[in-house]
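Please keep the sequence and the structure in view.

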Amino acid sequence: MNGHCFVSVMLCVPLWDKDRIVYQALPLSYRMWQKKESKLELAASMVRQVMPELQGKTNVIILCDSWYTKGDLVSVVDEYPNLGLIGNARYDSVLYDPAPQPTGKRGRPAKHGKRLSAERDFTLSDEKIGGYYIGTRRVLTNIFGTREVLAYVTATEKEGGSRRLFFSTVFPTQLQIFCAWQEKAPLNQTGSAWMDYIPLFLYSFRWKIEVSYYEQKTFWSLCSYMVRSRKGIEMLVNLINIAYCAMKLLPYQDEAFSKYRRESAQDFRFVLSERIRQEVFFATFVKKSESIIKSSVHMRALKYLVQQKEHYL
């Protein structure tokens with residue numbers, strides 16, 4: 001009850017690695033919720049802050065769970081032509097068929113079609129796709145107002161089993177994605193029969209956010225700060241984010257570390273800490289050696305250490 005609540009924005013970045021497209025989740029910003037505005041409004045303002053830097057990108061997609069798929073955040077999508085949203089939603093969300101074509105008769109035209117049931121009105125696929133039976137159709141829903149969206153229902157079993165509902169403002173024809181080069185299924189196995197499900201497959205990238213949170217909390221002391229002021233806490237947390245992002249991107253920027261692209265954050269962090277300790281040792285060693293007699297034994301030892309360091313690199 002007395003804990004701090006943060007809202008964060010993370011960017012899932014596509015990177016080219018060994019003839020495959022892989023994705024890294026990088027934290028862009030953390031903001032502490034102060035109850036002056038709702039967390040949805042805070043999230044929306046953070047998205048608005050990021051979007052000017054992404055205006056040249058074709059597909060920018062917000063991935064969020066059911067807690068954030070609500071009006072205050074969803075409305076941001078209408079403000080940017082290249083922004084979409086794919087989100088989990090409450091299974092009991094009200095759904096309608098798209099509005100029928102005008103009949104030419106007197107009276108106000110219908111705003112939407114018949115009301116739909118996520119349980120009965122979605123035809124599930126004949127086989128499991130990415131571990132689920134999936135049904136999809138265009139719908140209208142109160143969350144998105146008059147905007148048509150794709151609704152997806154996933155089921156663990158054809159009859160019974162657990163079901164979930166997802167909404168996507170992004171349609172498959174709007175996406176520029178190269179499925180054959182994706183690192184993992186089901187995106188890299190997508191054929192013509194699966195094209196309608198691509199927006200739902202993209203939702204799986206949201207789980208990289210959970211992995212990133214775990215790594216920051218476990219290996220970067222994200223929740224162990226001992227700062228009292230809100231400003232100080234936000235500065236410290238975002239400083240941790242910068243260090244974490246630098247670690248995640250370093251193997252892609254420096255070939256000397258390229259072998260750590262697929263290694264765990266724990267292993268790579270250990271390697272970096274070892275390198276830093278070496279640098280500190282050599283800097284201290286050189287500083288101390290300037291004030292003593294440089295004997296031949298001393299120089300041989302220094303040469304040996306340098307050779308060992310080059311071998312290690």
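Contact means heavy atoms within 4.5 Å. This is a predicted model, in which local features need pLDDT of at least 70 and side-chain atom pairs count only at pLDDT 80 or more, while totals for chains, interfaces and linings use all residues. Residues are numbered from 1 along each chain as its sequence is written, and side-chain values use heavy atoms, with hydrogens and water left out.

Helices (H or I, at least four residues) and strands (E, at least two) are DSSP runs, numbered from the N terminus. Ser-93 lies in the loop between strand S4 (83-89) and strand S5 (95-96). Buried means under 20% relative accessible area, with a 1.4 Å probe and protein chains only; Ser-93 counts as buried because its relative accessibility is 16%. Leaving aside residues up to four places away in sequence, Ser-93 touches Ile-143, Leu-165 and Phe-167.

A nonpolar core is a set of buried Ala, Val, Leu, Ile, Met, Phe, Trp, Tyr and Cys residues joined through side-chain atoms within 4.5 Å. The largest one has 31 residues, of which Val-47, Leu-83, Leu-85, Leu-95, Val-139, Leu-165 and Phe-167 touch the most other members. Two or more residues each come from S1, helix H1 (39-50), strand S3 (60-64), helix H2 (71-74), S4, strand S8 (149-155) and strand S9 (163-168). H1 gives the largest share, 6 residues. Another core, of 21 residues, lies apart from this one and includes Ile-129, Leu-150, Tyr-152 and Tyr-203.

Two strands pair if DSSP finds at least two bridges between them. Strands S1 (residues 6-17) and S2 (residues 20-32) run antiparallel and are joined by 12 bridges. Pro-14 stands opposite Tyr-23 in S2. The two strands S1 and S2 form a hairpin with 2 residues between them, and Lys-18 in the turn has a positive phi of about 55°.

Note on methods:
Buried < 20%, exposed > 50% of the residue type's maximum accessible area, 1.4 Å probe, protein only.
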